[in-house]
Amino acid sequence: SLSKLQLKTGDLDPRLFSRLRHLQKLDLSDNLLDKFPNSLTLPDLRVLNCNNNKLEDVTALKQFPLLEELTYENNVYLTLNDDYKVMFLLQNLRLLNGKDITKLANHVRRVNSRKLTSKVTAHWEKFFRDQLPEKYTTEQVKSIKKKFLKSVQTNVVYGPSSLSEFTRWRVKMIAEEFLACSLGLELSTDPEPEEKMDESEEESTESPREAAEDVDQVTVMPSKRKRNHSKTSSGNKRSKSRANAEEETEDVSAEPLHFLQCHSKGNSREDFKTQLWSCVFEPLLDCGARKDPIVSSSRTVATCGGESVCLIDCETGTVLKKYKVATEEFFSVAWTTLTMVISDSRKKSHNILAAAGRRGIVKLIHVAADFCYGEIKAHKKPIATVCFSPTQETHLFTASYDKRIALWDIGIPDCDYNFKASQLLVLEALSIPLRIALVPTSPDQYLLAGCEGGCFAWNIKLDKEQKSRPFEATFQFPDEDGSMTTSHRVDGLAFLNDDVVVSKSSKPGCIYLWSWSRSFDAKGKGYQRTVSAVILAELEWSTTDLSYLTLSTCPAKDYVFCGDEKGSVWLYHLSNYTTAWSSAKGKRSDRRIPPTQILKWPELRANGEQLTEVLINNVVADPTFTYLVVLTSVNITAIWKKS
């Protein structure tokens with residue numbers, strides 16, 4: 001018994017265990033194991049208990065061929081797919097997690113294998129047999145093998161969708177055996193890197209190794225300024241990013257850390273066109289959605305653009321995970337922390353990522369388990385943005401090109417990932433909603449949206465009967481000639497603190513700061529009122545007429561960020577102003593507030609060519625403003641670190 005010893009995988013030394021030739025029972029329960037080393041070689045092991053660990057994979061258990069009893073309950077990353085893998089791999093297994101599985105295991109090993117084998121063979125006969133010439137070269141064999149393995153895993157489907165991962169795993173195995181035995185297509189060349197697994201609509205979750213291989217190197221050339229201030233990427237080989245950029249000697253507030261090209265279409269190194277739209281930092285699990293945001297952030301950020309969503313470690317530049325849907329273009333991502341029941345009624349918090357875009361579908365991803373467990377067909381038109389309620393962890397808002405904002409309860413998945421989503425509310429907009437923000441002082445009552453045709457507020461209180469609601473107020477702003485207008489595109493919207501709203505719209509070269517409480521009088525009667533925004537200040541910004549370069553805020557540090565059409569990031573540090581604005585009179589700042597600093601885009605070279613025409617679509621800092629993640633129109637994620 002090695003139970004309750006805080007053992008990690010590295011503590012299981014194969015040199016020691018391989019001497020235990022006659023060990024039959026081993027108890028490793030209540031430890032911290034995330035996997036089994038491949039060479040423990042316990043040739044006589046019959047009973048194994050791994051309850052309450054952190055196991056992520058079971059395939060290494062095949063090294064114990066005589067195993068009869070196995071338990072691994074409360075390993076939250078293991079799913080039904082792993083149960084089936086174990087039944088197939090361990091031919092003598094009788095009891096799994098206390099249940100007699102003899103009958104089911106026989107079915108998995110025989111019936112399931114027979115059906116899949118006939119489907120794999122048929123797939124070869126129908127689509128691939130004629131592609132192989134009578135006399136073929138090694139390269140032709142290699143190419144057809146690769147195509148066949150990819151195709152067969154995508155197209156051979158059997159059994160319930162909850163077992164699709166197991167089915168793909170078995171199909172790949174059967175296909176390789178088929179190629180080797182029936183056709184002698186076993187190659188003694190270097191093993192292929194694992195193909196990305198594609199489901200029926202080509203979804204895939206890649207491991208950190210595979211994801212890292214997709215990140216291409218972008219060289220940053222030092223520009224000719226006062227001193228050469230270079231930084232490479234923390235010696236982490238996997239990130240393949242190099243940032244050697246100079247800074248001005250005065251007022252350096254951030255330095256470039258990594259430039260990553262990790263959203264390429266089809267993993268192409270030539271892709272400098274994919275637009276990156278949205279990023280959000282992962283909350284720390286022990287803080288939960290409702291805790292103080294100042295401390296509740298990790299250094300992990302989710303980014304989206306093109307067909308993929310990536311999880312990036314900002315310090316090392318490593319792409320930790322990558323999730324792909326070949327037919328999608330992702331526009332928005334959002335995090336929530338759900339308290340899920342594991343088993344024996346024990347509860348555990350997990351971070352869930354929602355991702356949505358052109359297809360109007362919300363994907364729900366259990367990140368730690370590397371598993372997209374469900375989807376919500378939320379709208380028939382694209383979804384521009386999504387956000388979770390800070391108070392109700394299962395409440396998700398989706399804003400769509402169908403001119404509606406919907407509120408969903410996404411439910412909490414059970415241990416088999418079954419969940420029930422329901423629509424609670426539909427907010428009718430007069431034009432496409434581009435940005436949404438919940439009012440911090442009353443996030444269950446008011447939602448603010450920046451739309452193609454103006455800035456609007458809705459009452460979202462759920463105790464009202466009415467499920468479909470018109471807007472409650474629309475806000476007027478000064479336009480270029482000084483007159484007030486409600487009709488303008490609001491493509492940037494965020495709260496700087498409980499009351500101050502930051503929005504970008506009607507007047508070129510200008511970002512407005514205005515007071516929510518003084519502009520919106522909750523006692524006003526009736527729907528669809530027009531009210532004037534009580535403006536506190538204007539921020540000086542680029543005079544470009546390009547839209548959709550959005551802004552963000554870092555409330556804990558009183559910062560506003562906005563990128564421009566030249567690859568620069570404008571930073572505004574506003575702590576000297578916020579106290580005055582919050583006082584009763586809250587006098588308006590007379591002059592436009594200039595940026596505290598502008599971070600210039602460094603000279604980036606890709607394949608020897610300099611990258612030009614870089615638009616900054618989004619800039620987001622973590623809540624403590626340690627990292628600044630910059631998303632561009634040229635498929636590059638830039639990560640700056642505050643120095």
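Predicted model: local features only at pLDDT ≥ 70, side-chain atom pairs only at ≥ 80, totals over all residues.
Trainee: Which residues gather in a patch of positive charge on the surface?

Mentor: In this structure the patch is formed by K8, K54, R346 and K348. One of these residues, K348, belongs to strand 16, which covers residues 347–357.

Trainee: Is K348 buried or partly exposed?

Mentor: The general idea is that a residue under 20% relative accessible area is called buried, one over 50% is called exposed, and anything in between is partly exposed. K348 has a relative accessible area of 32%, and is therefore partly exposed.

Trainee: Let us turn to salt bridges. How many does a search of the whole structure find?

Mentor: The idea is that a side-chain nitrogen of Lys or Arg lies within 4 Å of a carboxyl oxygen of Asp or Glu. A search of the whole structure finds 17 salt bridges.

Trainee: Which residue forms a salt bridge with K504?

Mentor: The partner of K504 is D491, and their closest N and O atoms are 3.0 Å apart. Here too distant parts of the chain are linked, with D491 in the loop between strand 28 and strand 29, and K504 in strand 30 (residues 500–504), 13 residues apart. D491 counts as buried because its relative accessibility is 4%, and K504 is buried as well, with a relative accessible area of 4%.

Trainee: What does the salt bridge between E538 and R592 link?

Mentor: Their side chains meet at 3.0 Å, N to O. The pair links distant parts of the chain, 54 residues apart, with E538 in strand 33 (residues 534–540) and R592 in the loop between helix 8 (575–582) and strand 37 (597–599). E538 is buried, with a relative accessible area of 9%, whereas R592 is partly exposed, at 30%.

Trainee: Which residues are linked in a network of salt bridges?

Mentor: The network is made up of D44, R46, E68, E69 and R94.

Trainee: How many residues of helix 2 are buried?

Mentor: Helix 2, which runs over residues 80–89, is mostly covered, with nine of its ten residues buried.

Trainee: Where is S298 placed?

Mentor: S298 lies in the loop between strand 11 (276–281) and strand 12 (300–305), and it is buried, with a relative accessible area of 14%. Its C-alpha is 6.0 Å from that of P283, although the two residues are 15 apart in sequence.

Trainee: Which residues does UniProt list for "repeat: WD"?

Mentor: The unreviewed UniProt entry lists residues 376–410 under that name. In the model, the end C-alpha atoms of this span lie 8 Å apart, and the span is 0% helix and 57% strand.

Conventions. Residues numbered from 1 in each chain as written. Heavy atoms only, no water. Patch = residues over 30% accessible without salt bridge, like charges linked within 9 Å, V, L, I, M, F, W, Y side chains within 5 Å. Areas by Shrake-Rupley, 256 points an atom, 1.4 Å probe, with all protein chains shown as cover. Lys, Arg positive; Asp, Glu negative; His and termini not counted. Charge placed at Lys NZ, Arg CZ, Asp CG, Glu CD. Helix = DSSP H or I, 4+ residues; strand = E, 2+ residues; numbered from the N terminus. Buried < 20%, exposed > 50% of the residue type's maximum accessible area, 1.4 Å probe, protein only. UniProt positions renumbered as here; feature names shortened; annotations may be inferred.
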